[in-house]
Amino acid sequence: MKYYKLVENAGKPSGFWGRLMIRSMNKGHSELTEWALSKARIQSGCRALDVGCGGGMTVSRLCALTGSGKVYGIDYSDLCVEKSKKQNRKFIMCNKAEIIKASVSKLPFEDGTFDLVTAVETYYFWPDKQNDLKEIYRVLKSGGALLLAFEMVVDETNPDRWRAVEERLNIKAVSASGIGGMLAKAGYINIKTHEYGNERLCVIAEKE
Ligand SMILES: C[S@@+](CC[C@H](N)C(=O)[O-])C[C@H]1O[C@@H](n2cnc3c(N)ncnc32)[C@H](O)[C@@H]1O
């Protein structure tokens with residue numbers, strides 16, 4: 001019961017269970033995030049955006065990896081914006097990071113703003129995935145990259161692995177081929193997938 005109260009707060013954390021969920025995500029997604037970011041080429045001076053930034057740990061990691069660059073985090077949950085700001089207060093104070101309340105479907109940035117956009121364990125919740133991928137494409141610079149990281153991964157040998165969570169949250173686990181197809185349809189090129197057993201998936205794709 002407690003598990004489901006927590007999990008139900010993964011898509012838009014709020015209130016008591018949302019606070020617990022954010023704490024648990026900051027810890028629980030740490031290895032996935034570190035592994036996924038190790039697959040990306042992140043240069044000093046890079047301008048990065050973390051979509052669905054949750055408790056703000058990925059923003060903190062990106063701040064440490066981007067040297068003189070700047071890192072933005074967006075989330076549509078008020079609680080996540082509050083917690084991300086707290087987590088990154090020292091970076092925000094020196095204008096290294098900014099956290100903004102926004103939806104992935106309408107990003108408050110000019111075309112061609114970012115070298116890198118990351119999205120860790122958030123894609124499942126997006127309302128219009130094909131258009132949301134296009135919206136991210138819009139804000140990427142030419143040659144910029146989108147990095148998607150997942151733990152809810154299925155393949156043909158184990159398609160029902162996440163069924164209980166899928167039904168509870170009305171979301172779908174992803175497969176490497178499914179994500180690759182969506183990215184190609186949204187216009188991305190050089191789509192590369194990295195798998196860690198069947199437990200983690202990282203997909204990196206570029207804007208031409
Ligand atoms: C499972 S949490 C992952 C949080 C964080 N990326 C992490 O790895 O800990 C999913 C996050 O995506 C955010 N989210 C879901 N749908 C969103 C949308 N349409 N626009 C912006 N954020 C969204 C949620 O509020 C939540 O913070």
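Which residue of S4 stands opposite Ala48? In this predicted model, the residue facing Ala48 is Leu116 of S4. Let's start from there and look at the strands around S1.

**Strand S1 and its partners**

S1 and S4 run parallel and are joined by 3 bridges. S1 also pairs with strand S2 (residues 70-75), again in the parallel sense, and here Val51 has Ile74 of S2 as its bridge partner. The two pairings are set out below.

| Strand pair | Sense | Bridges | A facing pair |
|---|---|---|---|
| S1 and S2 | parallel | 5 bridges | Val51 and Ile74 |

Because 4 of the 5 residues of S1 are buried, the strand is largely enclosed by the rest of the structure. Together with H4 and S2, S1 makes a right-handed β-α-β unit.

**Helix H4 against helix H3**

H4 (residues 57-65) also packs with H3 (residues 30-37), at an angle of about 35° and with the axes 11 Å apart. The crossing of H3 past H4 is right-handed. On the H3 side, the contact is made by Ser30, Thr33, Glu34 and Leu37, and H4 brings Thr58, Arg61, Leu62 and Leu65. By class, that contact has 3 nonpolar, 3 polar and 2 charged residues.

**Helix H7 and what covers it**

Now for H7 (residues 129-139), whose buried residues are Gln130, Asp132, Leu133, Glu135, Ile136, Tyr137 and Val139. S1 turns up here too: what covers these residues includes strands S1 (47-51), S4 (114-120), S5 (140-150) and S7 (200-206), along with helix H9 (176-185).

How values were computed: Residues are numbered from 1 along each chain as its sequence is written. This is a predicted model: local features need pLDDT of at least 70, side-chain atom pairs count only at pLDDT 80 or more; totals for chains, interfaces and linings use all residues. Side-chain values use heavy atoms; hydrogens and water are left out. Axes are lines fitted to C-alpha atoms, for helices over the stretch in contact, and angles run from 0 to 180 degrees between N-to-C directions. Helices (H or I, at least four residues) and strands (E, at least two) are DSSP runs, numbered from the N terminus. A crossing is left-handed if the near helix is turned anticlockwise from the far one by less than a right angle, and right-handed if clockwise. Contact means heavy atoms within 4.5 Å. Ala, Val, Leu, Ile, Met, Phe, Trp, Tyr, Cys and Pro count as nonpolar, Asp, Glu, Lys and Arg as charged, and the others, Gly among them, as polar. Buried means under 20% relative accessible area, exposed over 50%, partly exposed in between (1.4 Å probe, protein chains only). Two strands pair if DSSP finds at least two bridges between them. A crossover is right-handed if, with the strands pointing away from the viewer, the path from the first strand over the helix to the second runs clockwise.
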